[in-house]
Amino acid sequence: MELVELNPLSGALVGLPGVNGLSTEQRKRLTIAVELVANPSIVFMDEPTSGLDARSAAIVMRTVRNIVNTGRTIVCTIHQPSIDIFESFDELLFMKRGGQLIYAGPLGPKSRNLVEFFQAVPGVPKIRDGYNPAAWMLDVTSTQMEQILGVDFAEYYRQSKLFLQTKEIVEALSKPNSEVKELTFSTKYAQPFCAQFIACLWKQNLSYWRNPQYTAVRFFYTVIISLMFGTICWKFGSRRETQHDIFNAMGAMYAAVLFIGITNATSVQPVISIERFVSYRERAAGMYSALPFAFSLVTVEFPYILVQSLVYGTIFYSLGSFEWTAVKFLWFLFFMYFTLLYFTFYGMMTTAITPNHMVAPIIAAPFYTLWNLFCGFMIPRKLIPVWWRWYYWANP
C-alpha cells in the first residue's frame, strides 16, 4: 500500500468504473498493488498510462519507478510518453513497423545513449534542446525518413556494436546454472481449502459492510415492506371465526414471505455479478479456487438475512395480530428465515449460470410463477393433475 501510495485510500470501496469508487488512475495503482502481493521478480505492464491525463500518468509512472527501486524488473509498453515519463525508463526495446528491432539497450541519462546511436546515422537531423526524445526517435526512424536517407534502421542496428553486446548478454543469460532445479509445487494453491474460505469470507464481509447501497437499502426496504403488509393485513391473525378469515390470515403470511423473497433474489443479482468479475482475476492469479469463493458468498448472507427475518417477522407478526406464543412465533421466524435464504441463494445461482445480471432476472422470473402455482396454496395438491403433482414435492 505504501509502495503504490494507496495508504490514504485503505478503507475505500473500489466501486464501479465511471460510476463510483476509485478513479481510473487509482484503479491502475491498485491493480499493480494486487499483483505485487505475490512478490513477483518480473512485472509485465501493457500501456499503464493509457486513458490517463498527464498528472495521473505521472503518478502511475512514479509508482512504477518506486517498484523498480525495490529490485524488481518491470517490462512495460508505453504510448506517447512525455519527456519525464520516457526518461524514467532504464532500457528501451524499440521496433519499427513489422516487428523488426532497431534499438535495444540502455537509454542513459537524459536518453543520451539513444540520441547518440541514431545521430550517428548519416543524414539524421540533430535533436533540438528540450525536444521529447520519444517523439524525436519516432520522427527520425519513420518509413519516409528511411526512404529519404536510404537506410534500413533494422539492418543498421544488426551491424552495430550495440547489437553484438546485447546478443552476448542474451546468450550468457540464456544458459541456466547447472545447480538450478526446476520449480515444482505439491499443490495448486498456496493455502488449504479452509484458509482460502476464511480469506474469502473476510473479504466478502468487508465488501458487504462497505456497500451500503446493497445492505442498508435492503434493510430499509425490509422495514417499509413489513409496515406496508402489516397495515394491509391489520389484525388478520386475530380473526378466526370463519373459513374466509382463516384464508385471509394464511394468504397474508404467504404473500408477505413471497414478496420480500423475490425482492431479495432480485437485489442480490447485480452484487454477485460484480463479485464474480473480481473473482475471475483473483482465481486466474491462483489466489483461491471457485468453491471457497462460492461458500463465502453463501455464508456472509446468513447474519444479514437473520437480522432481516427478525425485523420483518416481528413487525409483520405484531401488526397482523397473530397468536403470541413462543412456539408459533419461532416457527414463523424459522420459515421466514429459510425462505429468504433460498430466495437469496436462488438469485445467486441464476447470476452464476448466466452471462450477466441483465440476463439473470429473465431466467429467474418464470420459476417464480411456477413456484407460486405449484406450492399448494393457489391450487391444493390433491387438485393438481397427477402428471404435475411431482413438482409439488420438487417445489422449494
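Which helix holds Phe 295? Phe 295 is found in helix H12 (residues 290–299). The legends below start from overall layout and then turn to single residues.

This is a predicted model, in which local features need pLDDT of at least 70 and side-chain atom pairs count only at pLDDT 80 or more, while totals for chains, interfaces and linings use all residues. Residues are numbered from 1 along each chain as its sequence is written, and side-chain values use heavy atoms, with hydrogens and water left out.

**View 1. Two domains of the chain.** The assignment gives domain 1 (2–9 + 19–171) and domain 2 (193–394). Their bounds come from an automatic or database domain assignment. The C-alpha centres of domain 1 and domain 2 lie 54 Å apart.

**View 2. The largest nonpolar core.** A nonpolar core is a set of buried Ala, Val, Leu, Ile, Met, Phe, Trp, Tyr and Cys residues joined through side-chain atoms within 4.5 Å. Buried means under 20% relative accessible area, exposed over 50%, and partly exposed in between (1.4 Å probe, protein chains only). The largest core has 39 residues. Ile 32, Leu 92, Tyr 103, Leu 114 and Phe 118 have the most contacts inside it. Helix H2 (residues 54–68) supplies the largest share, 5 residues. A second, separate core of 20 residues includes Val 257, Phe 322, Leu 340 and Leu 341.

**View 3. Surroundings of Tyr 103.** Contact means heavy atoms within 4.5 Å. Leaving out residues up to four places away in sequence, Tyr 103 touches several residues, among them Leu 92, Phe 94, Leu 114, Phe 118 and Tyr 157.

**View 4. The second largest pocket.** A pocket is an open set of points on a 1 Å grid over the protein atoms alone, where a 1.4 Å probe fits, with protein on both sides within 12 Å along at least five of seven lines. Lining residues have an atom within 4 Å of a point. The volume is about 1300 Å³, taken as the space filled by probe spheres set on the points, which are joined across faces, edges and corners. Of the 38 lining residues, Val 75, Cys 76, Glu 91, Leu 92 and Leu 93 are closest to the centre. Elements giving two or more residues include strand E2 (73–77), strand E3 (91–96) and helix H8 (161–174). H8 gives the most, with 6 residues.

**View 5. Glu 25 in helix H1.** Helices (H or I, at least four residues) and strands (E, at least two) are DSSP runs, numbered from the N terminus. H1 spans residues 24–36. Glu 25 is buried, at 7% relative accessible area. A polar contact of 2.5 Å joins its side chain to that of Arg 29. Such a contact is a pair of N or O atoms within 3.5 Å; within protein, one must be able to donate a hydrogen and the other to accept it, and residues adjacent in sequence count only if both atoms are side-chain atoms. Beyond four places in sequence, Glu 25 touches Leu 52, Ser 56, Ile 59 and Val 60.

**View 6. Phe 295 and its partners.** Phe 295 is partly exposed, with a relative accessible area of 41%. It touches Phe 193 and Phe 197, not counting residues up to four places away in sequence. The C-alpha atoms of Phe 295 and Phe 197 are separated by 7.2 Å, though 98 residues apart along the chain.

**View 7. Positive phi at Glu 47.** Glu 47 is not a glycine, yet has a positive phi of about 50 degrees. Glu 47 sits in the loop between E1 and H2.
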